[in-house]
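Try each task before you read its solution.

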Amino acid sequence: MSMAERLFILQYGAERVSKNLSLAGGPHHLYWEPLLGILVDTADGWVLLDTGMSRNAHLSRENQDAYVAGGVDAPNLDSVWHLRPTPPDAQAWNWIRDGDPLVAALGDYGLTPSDISLAAISHMHVDHSGGIPTLSEAGVPIAIQSRELDFVQSGAVGISEGFFSDDWSHPHTNWRLLDGDEELAPGVSAVFTPGHTPGHQSFSVTLPETGTWVFGCDATDLAQNFLDNVPCGSCAGGTTADETEARASLDKLLALGRRTNTRLIPGHDQLVANAVAHPPQGHR
Ligand SMILES: [Zn+2]
């Protein structure tokens with residue numbers, strides 16, 4: 001079995017959203033979720049999984065309006081206490097690191113965008129795809145499910161649904177289109193998990209000492225999705241077929257989790273992100 005070498009969890013920022021977006025049938029209250037990335041050292045070079053929100057999107061009035069619309073009438077839970085680092089404004093709707101958050105997060109490990117060999121995006125929501133333009137400028141290929149790119153390029157969704165077209169409109173983006181499960185680099189694979197969006201994917205990373213890590217991304221925002229066997233709370237496609245796919249994707253991830261020595265990591269759970277914090281040299 002091919003293996004990756006080291007793994008790092010990055011945090012680009014955080015967002016204040018209703019919990020029922022993450023958990024089908026969940027409570028409509030506002031709390032904070034982290035914007036995470038996964039950086040993997042492989043025999044083919046550095047692989048980056050998910051890229052956070054761009055500064056342009058953060059500054060977009062339409063994007064902020066969409067966050068407000070999603071949280072209207074929701075009571076606010078004091079959940080800012082668990083964020084690392086702490087957002088400067090607990091009442092903001094989202095917060096990103098200074099400058100270009102992707103550059104800031106990579107800089108923690110002495111890397112720049114041009115050090116990345118391949119990036120992959122779980123799905124095209126604004127809080128995951130924001131680094132694509134910066135990576136495209138640096139010549140980094142971007143792996144995405146072809147079904148996801150077709151979906152956003154169809155024009156069916158826009159910023160009021162959480163999709164920011166600047167992220168997929170850079171003239172130099174070198175797309176690597178995927179069709180289902182596929183190995184991305186030694187020890188790193190895409191796991192096709194549609195439902196939350198039509199072409200959503202999760203990732204698995206296998207390491208020599210700690211075994212296999214499965215990153216559910218937005219198929220499973222929270223540990224509670226796994227524990228309560230409840231799929232994600234929102235499907236961008238908006239049909240019953242999308243909900244059926246979200247259910248099947250959760251089953252697929254749970255099946256992976258039943259294998260010995262597998263760690264299931266939810267996509268937007270700050271307590272789990274804090275628990276898998278690591279020394280500067282990362283997980284092995
Ligand atoms: Zn999403």
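**Exercise 1.** Which residues are exposed on the other side of H2? Then explain how the buried residues of H2 are arranged.

*Solution.* Keep in mind that this is a predicted model.
- Step 1. Arg61 and Ala69 are the exposed residues on that other side of H2.
- Step 2. H2 covers residues 61–70, and Asn63, Gln64 and Tyr67 are buried there.
- Step 3. Look down the axis of H2: its buried residues fall within an arc of 100°, so they line one face of the helix.
- Step 4. Recall that an α-helix has 3.6 residues a turn, so residues three or four places apart point the same way.
- Step 5. Find the partners: the buried residues of H2 pack against S1, helix H1 (55–59) and strand S4 (94–96).

**Exercise 2.** Find the protein donors of the zinc ion and classify their arrangement.

*Solution.* 
- Step 1. The donors are His123 (NE2), His125 (ND1), His196 (NE2) and Asp218 (OD), at 2.1 to 2.3 Å from the zinc ion.
- Step 2. Check the angles. The four donor atoms subtend 84 to 176° around the zinc ion, so the arrangement is irregular.
- Step 3. Read the spacing in sequence: H-x1-H-x70-H-x21-D.
- Step 4. His123 sits in the loop between strand S5 (116–120) and helix H4 (132–137), and His196 in the loop between strand S9 (188–192) and strand S10 (201–207), so the pair ties together parts 73 residues apart in sequence.
- Step 5. Check burial: both His123 and His196 are buried.

**Exercise 3.** What does Val152 touch, leaving out residues up to four places away in sequence?

*Solution.* 
- Step 1. Val152 is among the residues with the most contacts inside the largest nonpolar core, which has 39 residues.
- Step 2. Val152 touches Met124, Val157, Phe163 and Trp168, with residues up to four places away in sequence not counted.

Key. Residues are numbered from 1 along each chain as its sequence is written. This is a predicted model: local features need pLDDT of at least 70, side-chain atom pairs count only at pLDDT 80 or more; totals for chains, interfaces and linings use all residues. Side-chain values use heavy atoms; hydrogens and water are left out. Donors are N, O and S atoms within 2.8 Å of the metal (3.2 Å for Na, K and Ca); water is not among the atoms, so sites may look incomplete. Four donors count as tetrahedral if all angles lie between 85 and 135 degrees; four count as square planar and six as octahedral if opposite donors are over 155 degrees apart and all others between 65 and 115; anything else is irregular. Helices (H or I, at least four residues) and strands (E, at least two) are DSSP runs, numbered from the N terminus. Buried means under 20% relative accessible area, exposed over 50%, partly exposed in between (1.4 Å probe, protein chains only). A nonpolar core is a set of buried Ala, Val, Leu, Ile, Met, Phe, Trp, Tyr and Cys residues joined through side-chain atoms within 4.5 Å. Contact means heavy atoms within 4.5 Å. The arc is that of the directions from the helix axis to the C-beta atoms.
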